[in-house]
There are 2 protein chains.
Amino acid sequence: MYSVGIIGATGAVGTEMLRVLEQRKFPVSEIHSFASTNSVGKELPFCGKLHQIEELTAESFERLDIALFSAGSEISKRWREASRRAGCVMIDNSSAFRMEQDVPLVIPEINAHDLVGHNGVIAVPNCSTIILLMAIAPLQKLGRIKRIVVSTYQAVSGAGAWAMKELEEQTRLFLRGEAIEPTILPHPIAFNLFVHNSAINESGYNGEEWKMIHETKKILHDESMAVTATCIRVPIFRAHSESINIEFEGERPSIEAMRETLAQFPGVKVVDERGANYFPMPKDAAGHYDVLVGHIRHDISNPHAVDLFASGDQLLKGAALDAVQIAESMIEQGLLTK
Amino acid sequence: MYSVGIIGATGAVGTEMLRVLEQRKFPVSEIHSFASTNSVGKELPFCGKLHQIEELTAESFERLDIALFSAGSEISKRWREASRRAGCVMIDNSSAFRMEQDVPLVIPEINAHDLVGHNGVIAVPNCSTIILLMAIAPLQKLGRIKRIVVSTYQAVSGAGAWAMKELEEQTRLFLRGEAIEPTILPHPIAFNLFVHNSAINESGYNGEEWKMIHETKKILHDESMAVTATCIRVPIFRAHSESINIEFEGERPSIEAMRETLAQFPGVKVVDERGANYFPMPKDAAGHYDVLVGHIRHDISNPHAVDLFASGDQLLKGAALDAVQIAESMIEQGLLTK
């Protein structure tokens, strides 16, 4: 049994982390929730009992075996050393350490073996990267993937609980014909969409696109894999979708082989009913663990390429679930001593 | 001056056709609006006067020089011969005749010259095709385009005025926590998105994707142009957006050259402010004639490719405006005799 801390427990991902630990019967001996000062003392439910939100200090880590961080990069950076000194394993949902060489970046179904090299910190990949790779990594056994062109349809949950509230509130205002003043997101999101609001680098990509490109190479251990991404925020609450074009180096697999391979992969569900025109949708992905994959077809523009469409819950497989699965995989691999 | 008929005058596109004719001071001698039986006798405004909606008969065409059709393929097919016999020019917004060899498929800024060969019927391309081509055709003068990978973010207006009402009504129900029963669109659209609801063909593409692929080749007169498309319906009222990856045959143009070339092209507005993270958005495209193009960057995954993002009003440049521009271009070219 493990003493587990949730840093950012009142946030959109933190809330799901508590829920996922409970749903999956993670072997929790003690649960400790941490949040910002104004939440300290408030109570959160876990496994039928209420526990008080605590203030995070360096001493907190002495009481933790595992710390699940989801409070932004700054918080993760501030506490890494305290966590490491206390021998606590930090599973970090922020982008703070993802590209560091001794930090495994892990989607357990894909590269659980990378956990072995950990040095006290494991990073959860970007939510869009996770959903992309759940859809494409299974196909690698059917042939080497050479290039990926992906366009995202990202839910507002990726910008946190307040952004979800903002979508709801703006939509009400819009329907009443009232003016919208964005506060969390930079542009109106009600009945609108926009290029992801992370800074644009000198190559012209935004931060989110850059993460998808480079995290993919790291997770798949293939620096030569060519990836381009266009990341778009859409007025959806919590499931991301992605339109993915995959170019194989050699012959592309048959549709049947792709469906079978995807269906057998843990955490993936094939939703590909051509006759009924039923494919992955955020409404079906929201609240569920599986990444849905469908609209699978041979790309008519390139004899080596295929097109597909995926939806996955940004807060679950895109964040909280992946973090908990990392902890589970570490236990299985004997990497978490108690 | 020309006697102009609008077939489908009460629909989402028909309404805009009347407005666009008025805004652009199209030389109208008489306006005739036609709609389904239950609208006959109702009045519509045009240039400050009301006129009655009429019932369409074969004789109607005797009184028309130009008939702008936007009432679906079946209606267009039913009246083609009557229109042709009466010497009326049919400008058809449906997909009924688009791929017929003697029917010009025209975006006037791109292939107005194709109007010369018309045989009484001119087709307006699919809305998603128009927005795609407005963004890419200008770039052809910078180098031959070899392949296009496009993913759409399509507004509900493409499914008509009732679908727009459905989005509004479903959103209200959703926010009140009430059950949603889709009636016009096949799946819930409030805070959801889905693969375009046109039939899937044996290649696995839906009808909308197939149109984008094949209409592009026809309009650009390049059967060898490779195109793949993924068409997605999003909860947006009236502007479509598209994430477009363009592969050039030779060297790709510089960002600056692309911005300049696009900015000079009539009907295109470059919205590409990297510092402010301001790019094309449906909220800025809705109600405007121009197709907005931005987030222009060199694709890091392919040394010959570029990525960009476009938004355009589906009802205007995607339909009504393009139809009226076709009529204007025919007058300019002396193809409409009065």
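User: If a residue counts as buried when 20 or more other C-beta atoms, placed from the backbone, lie within 10 Å of its own, which residues of strand 6 of chain B are buried?
Analyst: This is a predicted model, in which local features need pLDDT of at least 70 and side-chain atom pairs 80 or more, while totals for chains, interfaces and linings use all residues. Residues are numbered from 1 along each chain as written, and chains are lettered from A, with ligands numbered from 1, in the order written. In strand 6 (residues 89-92) of chain B, B:Val89 and B:Ile91 on one side and B:Met90 and B:Asp92 on the other are all buried, and both faces of the strand are covered; a strand here is a DSSP run of E of at least two residues, and a helix one of H or I of at least four, numbered from the N terminus.

User: OK, and how does strand 5 of chain B run beside strand 6, parallel or antiparallel?
Analyst: Strand 5 (residues 66-69) of chain B runs parallel to strand 6 of chain B, and 4 bridges join them, where pairing needs at least two DSSP bridges. Within that pair, B:Ala67 stands opposite B:Met90.

User: What does B:Met90 stand opposite in strand 7?
Analyst: In strand 7 of chain B, B:Met90 stands opposite B:Val121. Strand 7 covers residues 121-123 of chain B, and it pairs with strand 6 of chain B in the parallel sense over 3 bridges.

User: Switching topic: what order do the 6 strands of the open sheet in chain B take?
Analyst: The order of that open sheet in chain B is 10-8-12-15-14-13, and the pairing is mixed. Strand 10 and strand 13 (268-270) of chain B are the edge strands, each pairing on one side only.

User: And how many bridges join strand 14 to strand 15?
Analyst: There are 5 bridges joining strand 14 of chain B to strand 15 of chain B, and the two strands run antiparallel. Along this pair, B:His298 stands opposite B:Val306, which belongs to strand 15 of chain B.

User: Last one: how many residues does each chain put into the contact?
Analyst: Chain B gives 51 residues and chain A gives 51 residues, with contact meaning C-beta atoms, placed from the backbone, within 7 Å. On the side of chain B that touches chain A, the elements that each supply at least two residues include helix 5 (161-175), strand 12 (239-248) and strand 15 (305-313) of chain B.

User: What classes do the residues on that side of chain B divide into?
Analyst: The side of chain B that touches chain A has 26 nonpolar, 17 polar and 8 charged residues. Nonpolar covers Ala, Val, Leu, Ile, Met, Phe, Trp, Tyr, Cys and Pro, charged covers Asp, Glu, Lys and Arg, and the others, Gly among them, count as polar.

Notes. A residue is buried if 20 or more other C-beta atoms lie within 10 Å of its own, exposed if 12 or fewer, and partly exposed in between; C-beta atoms are placed from the backbone. Two residues are in contact if their C-beta atoms, placed from the backbone, lie within 7 Å.
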